[in-house]
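Here is my note on the model you sent. Please read it with the coordinates open.

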Amino acid sequence: MNLYLFLIPLLPFAGFLVNGLLGKRLPKAVVSTVALAFPLAAFGLVARAAQAVFSGSLDLPYVETVGSWINAGPLHIDFSFALDQLTLVMLLIITGVGFLIHLYSVGYMAHEEGYWRYFSYLNLFLFFMLILVLAENYLLMFVGWEGVGLASYLLIGFYYQKKSAGDAGKKAFVVNRIGDFGFLLGMFLLLAQFGTLSFSKIGVGLAETPGLQGGILTAIALCLVVGACGKSAQIPLYVWLPDAMEGPTPVSALIHAATMVTAGVYMIARTHGIFDRSPFALAVVAIIGAGTALFAATIALVQTDIKRVLAYSTISQLGYMFLGCGVGAYSAAVFHLMTHAFFKALLFLAAGSVIHGLGGEQNLLKMGGLRKKMPVTFWTMAMGVVAIAGIPPWAGFFSKDAILYEAFQHGVLGRGLYFVGLLTALLTSFYMFRLFYLAFFGESRSDDHHHHAHESPWSMLTPLVILAILSLIGGVMGIEHFGSFLSPVLGPVADSASLPGGKNLEWTLMIVAVGIAVLGWLTARLYYGRKSERPGQVAAAVPGAYNLLVNKYWIDELYGGLIVKPLMLISQFILGWIGEGIIIRGSAWLLAGVATLLGELLRRWQSGNLRSYSAWLAAGAAALLIFAKYLTWMVR
Amino acid sequence: MDSMNGIILSLILIAPLVGAAVILLLPEKGKLPAIVALITSLFTFLCTLHLPAHFNSGAAGFQFVQEFTWIASPDIHYHVGVDGLSLWLVVLTGLLAPIGVLASWNSIKERTKVYYALFLVQQTAMLGVFVSLDLMLYYGFWELSLVPMAILIAMYGRNLTENSSPKAALRFFIYTFVPSAPLLVAILWLYAKTGSFDFATLQVAIGTHAFSTAALCWLAFAFLVAFAVKVPVLGLHGWLPDVFSEAPVAMAMVVAGKLGLYSLIRFHVGLFPVQARQAAPWMIALAAIGILYGACLALVQKDFWRVLAYGTIASLSFCTLGIYGFTLAGFDGAVLQTINEGVIGAALFVLLGALYERFGTSTIANYGGLAKKTPALANLFVITGLALVGLPLFNGFVGEFLVLSSTFTGVSKGWAAAATIGVILSAAYLLSLVQKIFYGPESQAVIAYPGKDLGFREQLVLWYLALIMLGIGICPNILLNGIESGVQQSAGYPTLSEQMKSNASSFVVIAQEVRKGGK
C-alpha cells in the first residue's frame, strides 16, 4: 500500500505557491478556498494513513524514499519520509488543529491588509512542520526545523511596519539559530560516531553497541537539548516566545502553542534511544523542564496582556513536557503535547475572539464583564481554562497527572521535581482563573465606550467549539491506552500496579493534584472574582517580588547587557578600529608605500596612469618571454 | 554536437573577445554596446552549457582538451581543458556575464563602448583562468583579469568626483599585482628547472621529489599568497571593502571568490600537496576566525556595501576551510560553496544596486519601511538573504553543511564548532539589514520616494538567480557528481602513480576517503 507520504507536506506547499505568487490578484474567497483546501487535503491523506495504521494493515515504521538529496564523499542523505505511531499522532495534531486554525483565520483576518500573504505563510508553515515530523533523518528534520523558524519569523513580523513586530521576528529567528547551532553540532557528533544521520541506521548502530553509555552520547544529547531549548522556548532560550505574541493571534495559537514549539519535545522523544543511554542528559532535561515550568508560571501571575499570560503559560506547559521526557516518561510527554495542543490552541483562539470583539484590546485590566456579551467565547474558554488547570475529567488533568506521577517514581531527583511541578500546577490554576475572571466577570473596565463588544462570527466560533470538545474528551482515553499505542516507538509504559506504592499511591497523587488545582481556582476567585482591592494590596505588600515578576526577572536586560552589547562593542571597536583601522589599513599603506616607491622610479619613463600600465604590461610580457627563452637556453 | 568537444573551450574564450572587437568597431549609439555585450555573453553562456551536457563524470583526466604549441621556445602551449573542479566554475562565469550586463544596463551611461569592451575582455580572462593547463597561459589570463578590473573600477566607480574610486582601484591593483610578481618568478623558476609549463608534467615533477624541500616551500608560499589575496583570505582582505563600495555592480560581483579559490585548489593544493598540508593548520585557523570576524564586522557596518563586503569575507572563509581540511566532502563543499557564493553574491549586488540606483545612498540609516512600496524588492531580498544565511533547501546550506560537518568529523572539532557560530551571526547581520531597510516605519527618503518597484529586467534576473539557488539546494547532486569526479580523478590520474606512493600526498588521503565512502 502506498501512502504518498511526500504529498502530505507538498499539498500545503502548493497552497503556499498559489497564494504567494497569485494571491495578490485573486479575490478573497479564492484565496481562502485555496488556503483551506490544501491543508484539508493533507488532513485527508493523514486520515487515510491513520486508518491504515489502526486497521493494522501496515508494517510500521513505514518508510518512503523519494530520492537522494546529498551525495558527497562519505555523506549520503536521502529525501526519505517515515511513518510510525509517534509521527501519526503529530500529523493528526498538525493537520487537524492546523486546519481548524486556518478556518478560524478566515474570520479573524478578514479585514486585514495582506490577507493572501498571511495565508501563504500559514501554508508554508504547515509544509515545513509536516516535513519536520515526517523526516526519516536528522538533516531532513533540520529542514523542517529551520523552515518552521522561517515561517514563524515571517508571521511574527506580519505587521512589519510596527517596529516591535520586526524586532520580535528577528529575535525569534536569531535565538532559534542559537538552538540550531546546538542541533548542528549534535548532527556533526552523530556523523562522527555513527557515520549516518538516518534514525533507523542510528538505532541499529545503538543496538550493535550495548556497552556505549554516556560519554559521546551525553555530548550528542546535550547538543540536541540546546536545539530543543531554542525551538521549545525553554531556559535559557525562552526569551523569544513572549515577544512572538506580536504576530496575529491565530499564529500564536498554531505556531507558538500547538505545533512548532513542541518540536523540541518531539525531537527528544524521537531520539530517546540516545537519551536513554545518558542519565546525565536526561537529568538536565528534567531540571530544565521543571525549572522553566515554575519560572514561567511565576511571570504569568502578574502579566496584564492576555496573550502574554498565555505565552508564559505555554512556556510553562512545555516545561512539563520536558520534565516528562527527562524522567523517561516520553509517552506522557507526548500525551501532554497532544492535550496541550487542544486546550492551548483553544485558549489562544478564544483570546483572539475576545481581542477581535474588543477591537484589538489585549489588556486584561481593560476587559471585564464579557460573559454576557460573548457567551460562546465565554463557555469555550471556560473549557480551556479548566482543562489547563488540571481539573478532571478535562484533558489536561490526565496528561499532567501522568507526567507528575512518573516524576514522583523517578528517584530522588524526580521526587524533588515532582514538588516543583505541583507548585507550578497551583500557580497555573491561579493565573488561568485570574485571566478568566478578569476578562469575563465583573464590570467592563473599557475606556472605549463607543466600541461595543460583540460575539465573533461562526467561522471563528466553530473551531472554538470543536477544540472545546477535544479539550474535554481528549484525555479520557488515559495514559495507559495512549502509551501502549506509542509503545513500539517510545517503549512500554510502566504499569502503576507493579510500581512501589501501587494503585493507592497513584490515587493519592491524583487527589493531591486535583486539590491543588481547586485551591488555585478558589484563590483566584477570592482575589479576582468580584471587584476587589486585594491584588493591589498584595502587590504593594511585597514590592520587591512584584517588581521582579513584572519585569520578568530582568532577563532580557541581562542578555542585552551581557551578550548583545559586548558583542557589538567588540565588533565595533576591537575588530573595527584596531583590526580593520590599524592592522589592515596599516598593511595596505605599507604596500602602497612600496608601490609608490616603485611608481616613482617608473614615473621617470611614464605618466603613471592606469592605461599606460597596460602598455607596460604588454612590454613586460614581451620582456618576460625573452627572459624565459634565455632561461631555456641556460637549462639546455 | 560531440564534434564540438575539441574546440568548444576555444570558442568560449574567443567569443567575448570577438564581441569586444565588434563593440569597438560599432558607433557608440544608445544601448548598442550593451545589446552587443548581452548577445555575446548569452552566446558564451550557451556555449559553456555544452560542457556539463557532454561531460563524462566517469572518465579520468581533463576533457574537452585542446593543445598545440604556441611558442616553441620558451615552450609555451595553448593547452586548455576542464575537469569536475573547473566545469561548473566555467558555467558560473558564463551565467554571471549576462547578469552583469543587465545590472550595468542603466547604471553605466557614459563611455559605454569602452566599458562593455573591457567587460568582455575581463570575461575571457576569467574563463581562461579556469581552463588553462599551461602555467604561462594561466598566468597570462590571471594578469589579464586584473587589468580591466582595475581600469573599470577607476573609470566607472561610484564616487569619481571624490576620487575614492580611483583610490580603491589603485589599492586593488597594488594588492593583487604585487603578490603576482613572486608568482611569476615561481612559475619561471619551475620552468627553468623542468623546461615545461605543463600542469600535469609539473605535478609529476614535484611529486617525484625533483626539487629540494626548501625550494618547494618558497614556491608554494609564492603561489599561496598570490591566490589568498585574490580570494581574499582574512588579513589580506584590505582591498575588498573599498572595492565593494566603489566598483560598478557588474565588476564587484565577480571580483572576489572563485578565481582565487579555484587557483588555490588547482595550483596550490594540486601542485604542492605536501606544502599545502603544512600550511593547512594556519589556513584553517584563518578561515574559522575569518568567518566570525567577517560576520561580527558585518553586524556593525553603517553602509550596506560594507555589510556585503564583510559578509562576503565570512562566506568565502567557508570555502577556504573546506579546501584546507583535505577531506573529500570538504572539497566538494568548498567548490559548491564557491559557486553558491557567486550566485548569491551576484543577486545581492543586483538588489543593493537597485536600492542605490533609486535612492543614491548606501547609508543604511537613510532607509526604513521600504517593504510597503517595493514588495517585490523586499521579497527577493529576503529570499536571497535566506540563501546567504544557509537556510535548508537553499544552496548555501548544502555547501556550509558539507564544509562544517567534514571539518568537524575529519579535521578539528574546535575550529568547526567555532566556525558553526557563524550561522548565528550571519542570521543576525542579515536580518538586521532586512529590518533596517525594509521593515519598521518609513524613513524620510522612503516617504519621498515615488514608489517604483523592481522593473521587469531586474525581476527577471533575480527570480532566475533565486530559482538557481533553490535548484542547487534541492538537487545539489547535479553539481556534486561532477565536482567529486574532479577531486577523485586527481586521485586516479595515471601519471600520478608515483605521487600516490608518497604518504604525504593529499590525493592519497582523498583516495582513501573515497574508498571508505563507498562502504
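1. Terms and numbering. Helices (H or I, at least four residues) and strands (E, at least two) are DSSP runs, numbered from the N terminus. Residues count from 1 along each chain as its sequence is written, while chains are lettered from A and ligands numbered from 1 in the order in which they are written. This is a predicted model: local features need pLDDT of at least 70, side-chain atom pairs count only at pLDDT 80 or more, and totals for chains, interfaces and linings use all residues.

2. A cis bond in chain A. Pro61(A) sits in the loop between α2 (28-54) and β1 of chain A. The peptide bond from Leu60(A) to Pro61(A) is cis, with omega about -5°. Most peptide bonds are trans, and most residues other than glycine have a negative phi.

3. Strand β1 (residues 62-72) of chain A runs antiparallel to strand β2 (residues 75-83) of chain A, over nine bridges. Two strands count as paired if DSSP finds at least two bridges between them. Gly67(A) has Phe79(A) in β2(A) as its bridge partner. Two residues separate the strands of this hairpin, and Gly73(A) in the turn has a positive phi of about 55°.

4. The hairpin of chain B. Strand β1 (residues 63-71) of chain B pairs with β2(B) in the antiparallel sense, over six bridges. Phe68(B) has Tyr78(B) in β2(B) as its bridge partner. Four residues link β1(B) to β2(B) in a hairpin. Strand β2 (residues 76-82) of chain B is mostly covered, with five of its seven residues buried. Buried is defined by 20 or more other C-beta atoms within 10 Å of a residue's own, exposed by 12 or fewer, and partly exposed in between; C-beta atoms are placed from the backbone.

5. Chain B overall. Chain B has 23 helices and two strands. Along the principal axes, the C-alpha atoms of chain B fill a box of roughly 70 × 55 × 45 Å. Buried residues make up 64% of the 519 residues in chain B.

6. Contacts. Two residues are in contact if their C-beta atoms, placed from the backbone, lie within 7 Å. Among contacts in chain B between residues at least 6 apart in sequence, 80% join residues at least 24 apart. The contact between the chains takes 52 residues from chain A and 63 residues from chain B. On the side of chain B that touches chain A, helix α6 (residues 164-194) of chain B gives the most, with eight residues. That side divides into 40 nonpolar, 15 polar and eight charged residues. Here Ala, Val, Leu, Ile, Met, Phe, Trp, Tyr, Cys and Pro count as nonpolar, Asp, Glu, Lys and Arg as charged, and the others, Gly among them, as polar.

7. Backbone checks in chain B. A cis peptide bond joins Val231(B) to Pro232(B), with omega about -5°. Pro232(B) is in the loop between α8 (213-230) and α9 (240-246) of chain B. Arg111(B) has a positive phi near 50°. Arg111(B) is exposed, with 12 other C-beta atoms within 10 Å. Phe326(B) has a positive phi near 55°, and is buried, with 22 other C-beta atoms within 10 Å.
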